[in-house]
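User: I'm new to this one and would like to walk through it with you. Can we take it piece by piece?

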Amino acid sequence: MSVPDYMQCAEDHQTVLVVVQPVGIVPEDQFFKIYKRISSVSQVSIRDSQRLLYIRYRHHYLPENNEWGDFQTHRKVVGLISITTCASAKEWPQTAERFHAQKEVYSSTLYDSRLLVFGLQGDIAEQQRTDVAFYPSFEDCPDVEKRVDDFVESIFIVLESKRLDRATDKSGDKIPLLCVPFEKKDFVGLDTDSRHYKKRCQGRMRKHVGDLCLQAGMLQDALVHYHMAVELLRGVNDFLWLGAALEGLCSASVIFHYPGGTAGKTAGRKPSISQPADAGKRHRPGAQEVLIDPGALTANGISADTSTEIGRAKNCLSPEDIIEKYKEAISYYGKYKNAGVIELEACVKAVRVLAIQKRAREASEFLQNAVYINLGQLSEEEKIQRYSILSELYERIGFHRKSAFFKRVAAMQCVAPTIPEPGWRACYKLLLETLPGYSLSLDPKDFSKGTHRGWAAVQMRLLHELVYASRRMGNPALSVRHLSFLLQTMLDFLSDQEKKEVTQSLENYTSKCPGGMEVITLPDGLKLPPVAFTKLPISGVSCRPRGLRYVNTYSCRVLYSLQLRRVDTENTYFQWVQGDVCEVQLMVYNPMPYELRVENMGLLTSGVEFESLPAALSLPAESGLYPVTLVGVPRTAGNITVTGYHTSVFGVTSDCLLEGLSSVKTSGSLVEVIPSLPRLQLSTSLPRSAHTSQPTSKEELSSSVSVQLFNGETQQLTLTLENIGSEDIESLELTSKIVSTKEKVFGEFLSWELEDALSRLPLKSGQAVTLTVNIKVKLDFSGQESLLQDLNDDGLSVTGLPISSPLRQLLKPRPENKTFGSESGKAEYSHIKTLEAVLNFKYSGGAGKVEGYHRELSLGVHVDVEPSVFFTRVNTLPATSTRQCHLLLDIFNPTEHELSVSAENNQDLVLHASECQR
Amino acid sequence: MAVCIAVIAKENYPLYIRSVPTQNELKFHYTVHTSLDVVEEKISAVGKSLGDQRELYLGLLYPTEDYKVYGYVTNSKVKFVIVVDSSNTSLRDNEIRSMFRKLHNSFTDVMCNPFHSPGNTIQSKAFDGIVSGMMVQTASTV
């Protein structure tokens with residue numbers, strides 16, 4: 001006996017074994033259909049008694065195991081049902097012959113047999129035979145169950161007669177010695193007349209009768225017989241059979257205590273009617289152990305005799321005792337090398353009982369023992385079965401990790417190098433089942449929250465194995481998925497070397513089968529959600545959409561971003577223009593120790609139609625934060641939510657949603673797309689300013705110009721506005737604002753004539769319009785701030801006169817000053833003052849104008865004002881006429897040039913550089 | 001003495017694990033991982049009967065062919081697991097206990113470090129030193 005039945009459980013001891021086998025050629029699916037119908041008759045209540053007969057069906061049973069039938073009768077094949085097809089009467093004799101040959105195999109133990117013939121019609125089928133049933137086809141066999149019922153009943157009659165036969169011939173005749181196959185040669189030449197031998201025979205027979213009683217549904221009798229057997233066998237140190245008697249005792253007690261069964265099958269057995277539920281209450285502590293003579297019992301299970309009631313409660317083991325006795329039995333079995341299978345099965349049965357009792361730790365000890373039972377050379381298949389069942393049992397007692405461990409071992413066994421045809425599919429399936437034990441889920445969402453916590457080393461190993469198994473299974477898509485998962489979730493735990501290896505193999509796989517974002521569904525219904533490489537590259541910090549436009553200044557094309565209008569609602573709000581290129585900036589970094597190529601990186605949006613313009617980038621190894629600008633064009637107006645981005649790394653495309661990223665705060669930004677608007681390009685006659693837009697200014701300047709003027713000077717600025725958009729410009733407005741207000745500015749700083757430009761509207765695409773803006777600088781000419789106040793009473797005011805400066809070069813004010821001005825005053829005269837203003841163009845057109853939108857374009861004007869003349873002192877002198885007076889002005893020239901001052905009465909005065917005249 | 005020492009968080013993920021034959025680290029990962037089953041079982045069994053007053057030392061979790069696995073659970077359900085070589089028969093229960101106590105004290109020190117955020121893996125030189133001290137002896141005796 002070499003093949004253990006790992007599915008055995010304690011209550012199997014009360015079943016009778018029936019083998020169902022096909023004879024000749026029977027289609028497998030048909031056979032199992034019939035087999036299923038037959039095995040639905042798993043318990044039969046016997047007429048005229050309250051007993052139940054339980055039947056265990058097997059479609060495969062080793063005759064070798066059958067030889068142990070005397071040892072434990074539930075191992076004995078007592079019934080045989082053969083299923084065969086027979087097309088014509090001619091084939092019938094051959095079929096019958098085959099059936100008989102099959103019966104021969106189990107002939108030593110068989111009580112009865114049946115043959116079910118399908119397909120035969122005619123004379124032979126008309127015959128009424130008890131052992132053969134004819135059915136026209138596999139579909140047309142309504143009374144199979146009934147047949148089996150009758151068959152079981154006939155088995156019961158044989159069983160009952162055997163039981164009575166064995167139970168009654170107590171001491172009269174010589175009792176034959178029952179033995180297990182390997183014992184046979186040991187007993188050759190033994191003195192059969194010794195007391196020792198007789199007792200052994202008696203003990204073994206008692207145990208055998210106990211088995212029969214148990215099978216025949218007489219639990220209490222069985223208990224009594226087992227108890228007697230234990231006593232007898234203990235006396236003669238017949239350990240193997242003592243173990244069996246003890247196990248029988250345990251089985252009977254388990255059946256009594258746990259009518260629901262210990263196998264944990266969903267189709268539990270019906271509660272047995274022969275077991276009074278209140279039996280336990282009858283137990284009287286301290287009562288003498290009364291062993292009831294089984295002869296006193298009637299054939300029916302329940303006798304009116306009260307003494308049996310006492311015996312019932314007493315003979316049955318308590319739950320604790322069951323385990324003790326199991327331990328004892330197993331230790332006895334352990335003495336015999338050849339009884340390894342019996343020992344192993346006993347362990348398994350005990351574990352199932354312990355699982356019901358919720359004594360996991362003791363169960364684990366039994367299992368641990370079972371692991372060490374050496375059954376000699378096992379085939380690979382048996383090893384797999386053994387590990388799987390260990391795993392299942394561990395699972396049952398709540399040791400999920402241990403269970404996963406053994407399942408993994410079983411999986412590895414499926415593909416052991418010694419197996420000629422490795423079962424990668426089975427291996428993969430078993431590996432998948434281990435996932436919960438390692439608290440690993442294949443959904444990357446479960447890993448998005450914070451750092452990963454778990455047994456990374458173990459989990460990584462498992463994932464590697466999954467990858468390998470799925471590859472060998474010939475499913476590259478699966479291995480790509482698993483590998484991506486490994487890379488995504490275990491990135492922090494991979495060493496640089498491993499990262500390299502993993503990515504290399506991933507690239508190898510994807511070259512054959514590109515990874516995608518679709519959910520992979522396995523044949524058994526498990527869904528593998530897509531894995532997005534949110535960590536490759538890791539995006540972080542900010543992700544904000546921006547409006548965008550082009551501005552051209554002196555043929556150098558510069559990209560400027562411009563927010564069209566920013567509305568301060570509760571969340572930041574952006575607007576894009578339909579048909580215009582717009583951009584989103586993303587900060588990313590590469591955590592890998594080598595260069596990372598990201599291809600096809602684009603925006604994921606929901607809402608209106610959006611054309612994403614993918615970009616490819618290459619990130620250096622372990623780069624810092626790296627800004628990436630993703631661009632796209634909205635095609636229709638409406639609302640767009642930027643939900644994420646998609647990338648293609650190592651051949652795996654992934655969609656990364658912002659809400660899933662722990663490093664990004666916002667979950668998608670809402671952008672309003674407004675109808676298309678025209679676009680203006682601005683060029684000026686003055687050089688671009690080196691000054692960038694002032695930090696204080698609220699608007700972003702699209703461009704700025706700078707110019708240097710003397711105080712009082714006027715300069716013309718020519719602006720060319722070109723429509724570079726596709727829409728016509730229908731309206732144009734121009735406003736200006738002086739930014740720096742430190743200086744007092746007299747008159748209009750910036751002035752323009754817009755009418756000419758306006759008259760040319762609407763401006764078609766590609767057309768340009770020029771606009772002249774006068775820059776007039778009129779600052780305070782007074783040398784001292786208090787100067788004017790002195791004269792305020794006289795009602796006089798001082799204003800600068802237009803001066804045209806011949807030179808346009810940078811002038812450095814001289815520090816030396818011949819005037820009487822105080823030292824502090826000197827610095828003030830030579831001070832260059834700065835004026836800044838912003839020219840704002842508001843324009844609109846096309847569909848956007850209808851909606852009330854406009855674009856703004858602003859030009860910063862930066863003017864450095866050189867001092868020209870200063871009136872350092874003002875005095876009045878009485879003139880000849882009383883109505884007039886002379887105005888005396890001290891004029892100071894701080895420049896390096898000669899300058900002439902002209903008054904209205906054409907009095908010219910020439911001032912040389914740094915001169916002061918009166 | 002010990003061939004592998006592991007600290008496992010309340011939520012059963014490893015905070016610290018080190019083993020002496022580094023080439024076969026994964027094996028110890030498996031050993032310690034599966035031992036958690038027994039630890040949990042023991043805790044749940046004790047928790048029912050005794051409440052708070054329980055012995056921190058769990059004793060031998062399970063023997064394998066080559067190793068013996070011992071367990072210890074702090075009151076905050078942090079688990080310590082020590083794996084010792086089965087061949088090392090001289091090691092007595094008391095010594096294992098004292099190893100656990102030392103480990104616990106050192107772990108407490110780590111937790112007292114204001115810069116350590118509980119729940120993260122342990123990166124402490126002092127703790128490393130204590131662990132090495134328990135493991136180094138193997139190298140000298142074997």
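User: Let's begin with B:Arg92: is B:Arg92 buried or exposed?

Analyst: The cut-offs come first: buried means under 20% relative accessible area, exposed over 50%, and partly exposed in between, using a 1.4 Å probe and protein chains only. B:Arg92 has a relative accessibility of 59%, so the residue counts as exposed.

User: Before we go on, what sort of model is this?

Analyst: Residues are numbered from 1 along each chain as its sequence is written, chains are lettered from A and ligands numbered from 1 in the order in which they are written, and side-chain values use heavy atoms, with hydrogens and water left out. Local features need pLDDT of at least 70, side-chain atom pairs count only at pLDDT 80 or more, and totals for chains, interfaces and linings use all residues, as this model is predicted.

User: Back to B:Arg92, then: which residue does B:Arg92 form a salt bridge with?

Analyst: A salt bridge here is a side-chain nitrogen of Lys or Arg within 4 Å of a carboxyl oxygen of Asp or Glu. For B:Arg92, the closest N and O atoms of the pair are 3.8 Å apart. The partner is partly exposed, with a relative accessible area of 27%, and its name is B:Glu95.

User: Which residues are joined into one network by salt bridges that share partners?

Analyst: Side chains of opposite charge can pair when their charged atoms come close. By the rule above, the count over all chains is 23 salt bridges. Those that share partners join three residues into one network: A:Arg51, A:Glu160 and A:Arg163.

User: In which helix do A:Glu465 and A:Arg461 both lie?

Analyst: These two form a salt bridge, with closest N and O atoms 3.2 Å apart. A:Glu465 counts as buried because its relative accessibility is 10%, whereas A:Arg461, at 36%, counts as partly exposed. Helices (H or I, at least four residues) and strands (E, at least two) are DSSP runs, numbered from the N terminus. The pair sits four residues apart, about one turn, in helix H16 (residues 456-472) of chain A.

User: Now for the two chains together: how many residues of chain B are in contact with chain A?

Analyst: Contact means heavy atoms within 4.5 Å. On the chain A side, 19 residues take part, and on the chain B side the number is 24.

User: Which residues of chain B lose the most area to chain A?

Analyst: Buried area is the accessible area (1.4 Å probe) that two parts lose on being put together, summed over both. Chain B and chain A bury about 2,100 Å² between them, 63% of it on carbon and sulfur atoms. Together making up 34% of what the chain B side buries, the residues are B:Tyr30, B:His33 and B:Asp37.

User: And which residue forms a salt bridge with A:Arg401?

Analyst: There are two salt bridges between chain B and chain A. In the one with A:Arg401, the closest N and O atoms are 3.5 Å apart, and the partner is B:Glu40.
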